[in-house]
Amino acid sequence: MMVVGIVAVCVVIAVLAFFVPRLSRHPQNGTQRTLGFGSRAGSKAPGPLGRLLSKPFSSSSRAVGRSGSAGRRARGKMPF
């Protein structure tokens, strides 16, 4: 279920970044901040379990950042 939610957020951020690049920064940063809280909370578990619990949040944060930058980059390549 979490995977579907992250994919949906990435699509929304990419579309928002394509149509309104300046206004897409705030939702992207908010989403990455929220995922960062989850990553930090998961990393407090001891040993390898901490790395295992924080990895989905950090990779999801990276995916959100990539989708936002890809939308802005695509917008920049448009001829108009």
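Two residues are said here to be in contact when heavy atoms of theirs lie within 4.5 Å. The model is predicted, and for that reason local features need pLDDT of at least 70 and side-chain atom pairs count only at pLDDT 80 or more, while totals for chains, interfaces and linings use all residues. Residues are numbered from 1 along each chain as its sequence is written, and side-chain values use heavy atoms, with hydrogens and water left out.

**Overall layout**

The chain holds 3 helices and 0 strands, where helices (H or I, at least four residues) and strands (E, at least two) are DSSP runs numbered from the N terminus. From the N terminus on, the order of the elements is α-α-α, and along its principal axes the C-alpha trace spans about 55 × 20 × 15 Å. Among contacts with a separation of 6 or more, 66% are made by residues 24 or more positions apart. The accessible surface of the chain comes to about 5,600 Å², and carbon and sulfur atoms account for 68% of that area; such areas come from the Shrake-Rupley method with a 1.4 Å probe, and for residues only the protein chains shown count as cover.

**Helix α3**

Helix α3 covers residues 48-76, and its end C-alpha atoms are 42 Å apart, which agrees with the 42 Å that its 29 residues should span at 1.5 Å a residue, the expected span being 1.5 Å times one less than the number of residues. At Lys 55 the helix α3 bends by about 35°, with a proline, Pro 56, following within four residues; the bend is the angle between axes fitted to the seven residues ending at a position and the seven starting there. The buried residues of α3 include Gly 50, Ser 54, Ser 60, Val 64, Gly 65, Gly 68 and Arg 72, and the buried residues of this helix pack against α1 (2-19) and α2 (25-42).

**Burial of selected residues**

Of the 80 residues of the chain, 28% count as buried, a term that means under 20% relative accessible area, with exposed set at over 50% and partly exposed in between (1.4 Å probe, protein chains only).

| Residue | Relative accessible area | Class |
|---|---|---|
| Gln 28 | 6% | buried |
| Gly 42 | 10% | buried |
| Phe 18 | 25% | partly exposed |
| Phe 19 | 54% | exposed |

Gln 28 lies in helix α2 and, leaving out residues up to four places away in sequence, touches Ile 13, Val 64, Gly 65, Gly 68 and Arg 72. Gly 42 is also found in helix α2, and apart from its neighbours within four places in sequence, Gly 42 is in contact with Gly 50, Leu 53 and Ser 54. The C-alpha atoms of Gly 42 and Pro 56, which are 14 residues apart along the chain, are separated by 9.5 Å.

**Nonpolar core and aromatic pair**

The largest nonpolar core has 5 residues, namely Ile 6, Cys 10, Ile 13, Leu 35 and Val 64, and α1 gives the most to this core, with 3 residues. Such a core is a set of buried Ala, Val, Leu, Ile, Met, Phe, Trp, Tyr and Cys residues joined through side-chain atoms within 4.5 Å. Ile 6 touches Leu 35 and Ser 60, not counting residues up to four places away in sequence.

The structure holds 1 aromatic pair. Phe 18 and Phe 19 form this pair, which is edge-to-face, at 5.2 Å centre to centre and with 85° between the planes; rings of Phe, Tyr and Trp (its six-membered ring) pair if their centres lie within 6.5 Å, and planes under 30 degrees apart count as stacked, over 60 as edge-to-face and the rest as tilted.
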